[in-house]
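Work through the exercises below with the model open. Each task is followed by a solution in steps.

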Amino acid sequence: RNYEARQALRGLYDPLWLLRTVFKTIAPWSVVYDGNERFDQLFDDALYTFAKAVRADGADKADKIKADVMERFAVDAAKARTRFISHNMLELLRPLLDVVLDPLLDAAVKPLADAIPDPVNQFLDPVEEVRNLVDEIIKYLIEKAVGIEPDVSKEPAALERQRTRTLTQSQAARADSDDEAAAAAAAGG
């Protein structure tokens, strides 16, 4: 594992501990542990990619493969670093947002939630939906601030449309398969 990266992450502990005076919910060891886990996965992925490419292309091309993997690793590490920062910024802000937004959401959305019949409330909680929306907006803004181009294709509505489209396609494929099986059985019988 990369010793320098682990040392850099350990160096976050004292500043994070100082931030606890303002942000009571910070857990410095949790942040350091999470960072180590994320970067360990990044290192493991790079090593796996290198080993797989060497097995496929041969050891004689190992230097070129290493250069390619290191180039991709540098890009992936930069993305992982900004995502790590973005994630922890959101974790810092979430408790403050809850204190400020919960009373506002309860006042604005609770009457709507109360007007929805109980059977529908089992599937749709307007208060939770608005909280999730606020989280997504804050996450988007943080990612833009730290230089991540947010992936808008993973918005909840886009995900739902994709899942519906995938289900429809798999149902159509199953129906085609059933028709072929029935035709084969009729031809054979």
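**Exercise 1. Confidence**

Over which residues does pLDDT stay under 50, and how many contacts beyond four places in sequence does the model have for them?

Solution. Start with the kind of model: this one is predicted. Next, take the overall level: the protein averages a pLDDT of 79, and 78% of the residues score at least 70. Then go to the elements: helix H3 (residues 28-57) has the highest mean pLDDT, 90, and helix H7 (residues 156-188) the lowest, 52. Last, find the stretch asked for: pLDDT stays under 50 over residues 157-173, and the model has four contacts beyond four places in sequence for this stretch.

**Exercise 2. Ser 86**

Locate Ser 86 in its helix, and decide whether Ser 86 is buried or exposed.

Solution. First, the element: Ser 86 belongs to helix H4 (residues 62-115). Second, the accessibility: the relative accessible area of Ser 86 is 6%. Buried means under 20%, so Ser 86 is buried. Third, the surroundings: apart from neighbours within four places in sequence, Ser 86 is in contact with Ile 142, Glu 143, Val 146 and Ile 148.

**Exercise 3. The second largest pocket**

Describe the lining of the second largest pocket, and state which helix gives the most to it.

Solution. Begin with the volume of this pocket, about 340 Å³. Its lining has 18 residues, and Leu 16, Ile 26, Val 31, Asn 88 and Leu 92 lie nearest the centre. Sort the lining by class: 12 residues are nonpolar, four polar and two charged. Then assign elements: helix H2 (13-19), H3 and H4 each supply at least two residues. H4 gives the most, with eight residues.

Key
Residues numbered from 1 in each chain as written. Predicted model: local features only at pLDDT ≥ 70, side-chain atom pairs only at ≥ 80, totals over all residues. Heavy atoms only, no water. Helix = DSSP H or I, 4+ residues; strand = E, 2+ residues; numbered from the N terminus. Buried < 20%, exposed > 50% of the residue type's maximum accessible area, 1.4 Å probe, protein only. Contact = heavy atoms within 4.5 Å. pLDDT = per-residue confidence, 0-100. 1 Å grid on protein atoms, 1.4 Å probe; cavity = no way out; pocket = protein on both sides within 12 Å on 5 of 7 lines; lining within 4 Å. Points joined across faces, edges and corners; volume = space filled by probe spheres on them. Nonpolar A, V, L, I, M, F, W, Y, C, P; charged D, E, K, R; others polar.
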